[in-house]
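Hi everyone, thanks for making time. I'd like to walk you through one structure, so let me put it up on the screen.

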Amino acid sequence: MKSQIQRLVYPGGTEAAIGRVWCAFSMWARMKGLLGRKGLAEGEWLWLKPCGAVHTVGMRFAIDVVFLDRDQRVVKVARGVKPWRWWVWGGWRARSALEGAAGAAGAYKVGMKVRMEEVRR
């Protein structure tokens with residue numbers, strides 16, 4: 001998985017968080033996802049693309065999932081998804097998903113546009 005430092009920005013330009021976003025854009029990276037991890041640090045996310053549904057089979061911790069459409073607008077937020085769930089569907093418009101630690105998606109709402117910017121050092 002490729003690691004990028006990203007800044008997540010809410011509508012109106014309010015900065016939401018600065019953290020590490022792990023990008024899982026290949027089939028193999030998406031299949032592995034968060035399997036084998038013991039958890040996620042605060043501000044750490046996994047971005048799965050393309051992705052319309054997720055599972056938590058074999059995971060050790062609960063997650064929040066933010067499903068995004070092609071314009072990166074939130075179409076669904078699944079909070080506190082427990083380990084061993086077979087299927088969490090983002091809906092027909094979901095094209096990618098952000099997975100974070102349980103409780104991390106508290107400020108995300110359906111319709112919100114999420115903008116991620118790479119932070120150059």
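When I say contact, I mean heavy atoms within 4.5 Å. Before I use that: this is a predicted model, where local features need pLDDT of at least 70, side-chain atom pairs count only at pLDDT 80 or more, and totals for chains, interfaces and linings use all residues. Residues are numbered from 1 along each chain as its sequence is written, and side-chain values use heavy atoms, with hydrogens and water left out.

OK, Val 65. Leaving aside residues up to four places away in sequence, Val 65 touches Val 54, Lys 76, Val 77, Ala 78, Val 81, Ala 97, Leu 98 and Glu 99.

Now, the cores. A nonpolar core here is a set of buried Ala, Val, Leu, Ile, Met, Phe, Trp, Tyr and Cys residues joined through side-chain atoms within 4.5 Å. Buried is under 20% relative accessible area, exposed is over 50%, and partly exposed is in between, with a 1.4 Å probe and protein chains only. The largest nonpolar core has 19 residues, and Val 65 is among those with the most contacts inside it, as are Leu 34, Leu 48 and Phe 67. Strands S3, S5 (63–68) and S6 (74–81) each supply at least two residues of that core; strands are DSSP runs of E, at least two residues, and helices are runs of H or I, at least four, numbered from the N terminus. There's also a second, separate core of 14 residues, which includes Trp 47, Val 74, Leu 98 and Tyr 108.

On to the rings. How many aromatic pairs does a search of the whole structure find? Three. The rule is that rings of Phe, Tyr and Trp (its six-membered ring) pair if their centres lie within 6.5 Å; planes under 30 degrees apart are stacked, over 60 edge-to-face, and the rest tilted. Phe 25 and Trp 47 have ring centres 5.2 Å apart and planes at 80°, so that pair is edge-to-face. They sit 22 residues apart, Phe 25 in the loop between S2 (15–24) and H1 (27–32), Trp 47 in S3 (residues 45–48). Phe 25 is partly exposed at 40% relative accessible area, whereas Trp 47 is buried at 8%.

Trp 45 and Tyr 108 make another edge-to-face pair, 5.7 Å centre to centre with 70° between the planes. Trp 45 lies in S3 and Tyr 108 in the loop between S8 (96–101) and S9 (115–118), so this pair ties together parts 63 residues apart in sequence. Both Trp 45 and Tyr 108 are buried.
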